[in-house]
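Me: I've got a model open and want a quick tour. Can we go through it piece by piece?

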Amino acid sequence: MHATLAEGVNWVGIIDWTVRDFHGYETRRGSTYNSYLVQGEKTALIDAVKAPFADTLLGNIDETVGLGSVDYVVANHAEPDHSGSLAAVMAACPKATLVTNEKCAEILEGYYGAREWPTHIVTTGDSLDLGGRTLSFVQVPMVHWPDSMVTYCPEEHILFSNDAFGQHLASSGRFDDELDLSVVMDEAKTYYANIVMLYGRPIARALEAVGGLQIAMIAPAHGVIWREHVAEILDAYNDWVRCRPRARLLVIYESMWGSTDAMAHEILAGALGHGAEIELLEVGSTGRTRIATEVLDAAVLAVGSPTLNMTLMPEVAGVLTYLKGLAPRNKAGLAFGSYGWAPSGPKEVHAALEGMGVEMLGEPLTARWRPDDEVRARCREAGRMMAERAVRAAAEGHLYPV
Ligand code: FEO
């Protein structure tokens, strides 16, 4: 199976319809591992696929150009979803030279003993002349690993962007205009939030580095190829690298006997009608992948946990640990929760949010046993205050300097 981007430029990748877990990220719509063949007088394969799909990739290459015709194998990134089948590719393509950067070569050596493979090391500004077509390289460290690189074909104005601009999205269509755009953008946002949100600054630098290129298509290593909506995904990335806040308040919580749940609903009731979009996200039924996605552009987070065994609830603890790793910026927040004899649950939520740089809007809101009328009124008032804060943050715009 292949798809044509331009004459002599073909997708020969893999559609992974059934994958639902990608190192902890719930891939509800599956994924793809995209490989591309670029033909001039010589032929280059750009990126490989996960190890279990090696035979299918080799079949796709053979059907398109013949395995013996591959002169170069470009490795933009060494993570095993793109490199797991490289040893099989290098063994099956007798003429092939690996083309990659120093850091990627070092990681490939660690994983696969790649020193044995004929290798040509490139760095930013280097080009490979295929005869009638050129491949130029730009290193984009930390998008997503230190070795990450993108490859540009100036004759076709195609950017092979590897992880950047990807989506975990299995589909019969290979291009953005063959699917519902709202689904593609939702998966692009989910991917950004769960894979690369931590790397806002390096991604902003990478956007600058490729900003001078004329781009007709962005061909990422996951999901569909951008050809009709290139401007939209570039605009979205410019917002996401800044965690640009929208007027949104998330009420994220876990309850034990209903008291923290009641507080969450009072916060929701108080927040409604003040101009912000509000979402109530019960942690156990929502999952961390979607919570991280919603957090990306939310201005304010109200996070609740009761006290359990002198600490916070385990699902909330897991979400806070996950978010700490992703390092969302531009957030204000408030902790809340119930307790019996020690309010350590909501206090630990407060400390965790503060520790990840969230601007705290007050001390934790707490209720002993059950929220009484006075606590309920304070929750509603906090909801109103947080909704108004979210509206203000959105109006102020880019708070996070990149
Ligand atoms: Fe798709 Fe960082 O690998």
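Me: What do the buried residues of H12 pack against?
Reply: They pack against S19, H11, S20, strand S21 (359-360) and strand S22 (365-368). Buried means under 20% relative accessible area, exposed over 50%, partly exposed in between, with a 1.4 Å probe and protein chains only. Helices (H or I, at least four residues) and strands (E, at least two) are DSSP runs, numbered from the N terminus.

Me: What kind of model is this, and how are residues numbered?
Reply: It is a predicted model: local features need pLDDT of at least 70, side-chain atom pairs count only at pLDDT 80 or more, and totals for chains, interfaces and linings use all residues. Residues are numbered from 1 along each chain as its sequence is written, and side-chain values use heavy atoms, with hydrogens and water left out.

Me: Back to H12. Which residues are buried there?
Reply: Ser344, Gly345, Pro346, Val349, His350 and Leu353. Helix H12 covers residues 344-355. After H12 comes Gly357, with a positive phi near 90 degrees.

Me: S19 was on that packing list. How many of its residues are buried?
Reply: Seven of the seven in strand S19 (residues 298-304), so the strand is largely enclosed by the rest of the structure.

Me: Which strands pair with S19?
Reply: Strand S17 (residues 246-253) runs parallel to S19, joined by six bridges. Strand S20 (residues 332-339) also pairs with S19 in the parallel sense, over five bridges. Two strands pair if DSSP finds at least two bridges between them.

Me: What are the bridge partners of Val251 and Ala302?
Reply: Val251 has Ala302 of S19 as its partner. Ala302 in turn has Leu334 of S20.

Me: What do S19, H11 and S20 make together?
Reply: A right-handed β-α-β unit, with helix H11 at residues 314-326. Right-handed means that, with the strands pointing away from the viewer, the path from the first strand over the helix to the second runs clockwise.

Me: New topic: S10. Which way do its side chains point?
Reply: In strand S10 (residues 97-100), Thr97 and Val99 point one way. Leu98 and Thr100 point the other way, and all are buried.

Me: What does S10 pair with?
Reply: Strand S9 (residues 72-74) pairs with S10 in the parallel sense over three bridges. Three bridges also join S10 to strand S11 (residues 119-121), again parallel. From S10 the chain crosses through helix H4 (residues 102-112) to S11, in a right-handed β-α-β crossover.

Me: Now Thr32. Buried or exposed?
Reply: Thr32 is at 0% relative accessibility, so it counts as buried. Thr32 sits in strand S6 (residues 31-33).

Me: Last one, H13. What happens at its two ends?
Reply: At the start of H13, a side-chain oxygen of Asp372 reaches to within 3.2 Å of the backbone nitrogen of Glu374. Just after H13, Gly397 takes a positive phi of about 80 degrees.

Notes:
A polar contact is a pair of N or O atoms within 3.5 Å; within protein, one must be able to donate a hydrogen and the other to accept it, and residues adjacent in sequence count only if both atoms are side-chain atoms. The expected span of a helix is 1.5 Å times one less than its number of residues. Contact means heavy atoms within 4.5 Å.
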